[in-house]
Structure formats: structure tokens, C-alpha cells
Amino acid sequence: MRFAVLGSGSRGNATLVECDGTRVLLDCGFPLRDIEQRLAAIDVRPDELTAVVVTHEHGDHVAGVPRLARRYGLEVWATPGTWKVTCASVGRRAGAEDVQRLRLFPSHARRLRIGALTLHPIPVPHDAREPCQFVFEGDGRRLGVLTDAGTVTPRMCDALRECDALLLEANHDPELLRSGPYPPSLQRRVGGAFGHLSNAQAAALLERVHHRRLGKLLLSHLSQQNNRPDLVRSAMRGVSSDLDISIAEQDSGTGWIGV
Ligand SMILES: [Zn+2]
Ligand SMILES: [Zn+2]
């Protein structure tokens, strides 16, 4: 199994996970031309995707999904809550209701089988209708993906415990958020129980799920206004000094990373 983050941040998110010819795109918050180029950068054509899986209906995750799915006839997997709000909001103009190959699943489903990959949904506290994140399993390896959560829950920790690689949100530094440009209402939303994980929350989560076989840690969904890569790295080093740590960026992809 291998994966590539095609871009991550409040202006768009997409991650590709591949195993034995199965290619699952997790979220697509980029316009069609943009995602085509980001896929081309890792030598993947959109018609080679097996499915698109959506974590929740926020524009930075779903804005590009309807057009991509309709253009290439792709299967879209989402929770009923996520797809209902997508059809009524950001996906309306992009034709979300016209997506043909829709596969709805409850956020508490035990597992989803997509080709050679098994996905385990993890319900998360985030200000969306029915959001979830995932553990991907394939080739006897496990990749945990967790972004867009305001609180660390026991369910999350249980799900992420045995992973070989983790893609975790480290959204903001609370001090930078407080002194930054966001209005108070947005500061409360981002820093609240249904907002985004701070560096310290991400480090606390890592501490609870860290184990000997965890080889790679990729931090994502960094706020460009309210965080800095050096603060993220130093928060994570406090937990483990020998982990291979990288940071996903908004404008460029990571390239392929083996799990
Ligand atoms: Zn997001
Ligand atoms: Zn979100």
C-alpha cells in the first residue's frame, strides 16, 4: 500500500491511497483542472481511480467531487448526512444530485470493501452533518487518516492504535489563533470541540496511539495563518524523536509514500 497527499489545507484537500491496482481518492476539494494536474504529477489518470470517498461536506473536501465523478463516471462513497448536505450546498451547482454511482454508508459502519482496500470509518466530532475519517487496510498494512476533528475521542484512539503510517491534522497553535487575523466567532469555531485539532491535541493523540511499528507520520491541514511548520515539528518531537515526520502542503503534493 502507498499513498500521496495531493494537497492539504483550508483551500483544498485530496489524498490518494493505492493497493494492488485499487486507487481510492479520499476527498477532492480542488477544481477539476487542478485535481487532474495534481494526479498527473504522480502519473495517475482520473479514469484509473476506483472510487472517490468523501469525509464530510465542507468545500475544502467535497467541492470538486461532483464534477470529477460525473466527468469520469466514478463511484462516490459518502455517509447519507454528508451527501444530503453536499447536494443542498457546495455540490448543488456542480451537479451532486446527478452523480450516478453513489454508495451511501453509515458513519458507524464496521468496514467498507473497495477492491483491494478495506476502509474502517471513524465518526469524528466536527461541525458537519455526519463526518468520518478512516483507517485504510491493505497488503497487511494500515494507514490511519484523521483530519477535521475538534476533540480527541477514545473511539479515534482505538481505531488508530495499530497503524503503520498516520496522516494527522495539526491545524493550529492556540496562541497564534488567538492573536491572529480570524474574527472571534471563527476563532471559537476553529478552536472549539467541533473544530480542528491544535498541535498539542495532535501530539496528545499521537502519544496515545504511538507504537514501535509506526514508521511514518504526516501532518496535514495546517492553517496558513495560525500555525508554523517548526511549531508542529517541535510538538511532535516531544512525543517521539525517532519518527519519520513530514508536513503536507497546500500548493504541492507529497509524491508517493510507502506504508
Ligand atoms: Zn477541512
Ligand atoms: Zn471540515
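Me: Two strands pair if DSSP finds at least two bridges between them. In which sense do β7 and β8 pair, and over how many bridges?

Reply: Antiparallel, over three bridges, with β7 covering residues 112-114. Strands here are DSSP runs of E, at least two residues long; helices are runs of H or I, at least four; both are numbered from the N terminus. L112 has L119 of β8 as its bridge partner.

Me: What kind of model is this?

Reply: A predicted one: local features need pLDDT of at least 70, side-chain atom pairs count only at pLDDT 80 or more, and totals for chains, interfaces and linings use all residues. Residues are numbered from 1 along each chain as its sequence is written, chains are lettered from A and ligands numbered from 1 in written order, and side-chain values use heavy atoms, without hydrogens or water.

Me: Back to that hairpin. Which residue takes a positive phi?

Reply: G115, near 55 degrees. The hairpin of β7 and β8 has two residues between the strands.

Me: And what does β8 do with β9?

Reply: β8 pairs antiparallel with β9 (residues 132-138) over six bridges. I122 stands opposite Q133 of β9.

Me: Why is β8 largely enclosed?

Reply: Because six of its seven residues, 117-123, are buried. Buried means under 20% relative accessible area, exposed over 50%, partly exposed in between (1.4 Å probe, protein chains only).

Me: Metals now. Which residues are the protein donors of the zinc ion (ligand 1)?

Reply: D60 (OD), H61 (NE2), D148 (OD) and H221 (NE2), at 2.1 to 2.3 Å. Donors are N, O and S atoms within 2.8 Å of the metal (3.2 Å for Na, K and Ca); water is not among the atoms, so sites may look incomplete. D60 and H61 are both buried.

Me: And the zinc ion (ligand 2): which donors there?

Reply: H56 (NE2), H58 (ND1), H126 (NE2) and D148 (OD), at 2.2 to 2.5 Å.

Me: How far apart are the two zinc ions, and which residue bridges them?

Reply: They lie 3.5 Å apart, and D148 bridges them. H126 sits in the loop between β8 and β9, and D148 in the loop between β10 (141-146) and α5 (154-160). That pair links distant parts of the chain, 22 residues apart. Both H126 and D148 are buried.

Me: Why is the arrangement around the zinc ion (ligand 2) irregular?

Reply: Because its four donor atoms subtend angles of 91 to 172 degrees. Four donors count as tetrahedral if all angles lie between 85 and 135 degrees; four count as square planar and six as octahedral if opposite donors are over 155 degrees apart and all others between 65 and 115; anything else is irregular. The zinc ion (ligand 1) is irregular too, with angles of 91 to 164 degrees.

Me: What does UniProt list for residues 11-196?

Reply: The unreviewed entry lists "domain: Metallo-beta-lactamase". UniProt positions follow the numbering used here, feature names are shortened, and annotations may be inferred rather than shown by experiment. That stretch is 27% helix and 26% strand, with its end C-alpha atoms 15 Å apart.

Me: Last topic. How many salt bridges?

Reply: The count comes to 16. A salt bridge is a side-chain nitrogen of Lys or Arg within 4 Å of a carboxyl oxygen of Asp or Glu. One of them joins E18 and R23, closest N and O atoms 2.9 Å apart.

Me: Are E18 and R23 buried or exposed?

Reply: Both are buried. R45 is partly exposed at 49% relative accessible area. R45 meets D47 at 3.0 Å, N to O, and E48 at 3.7 Å.
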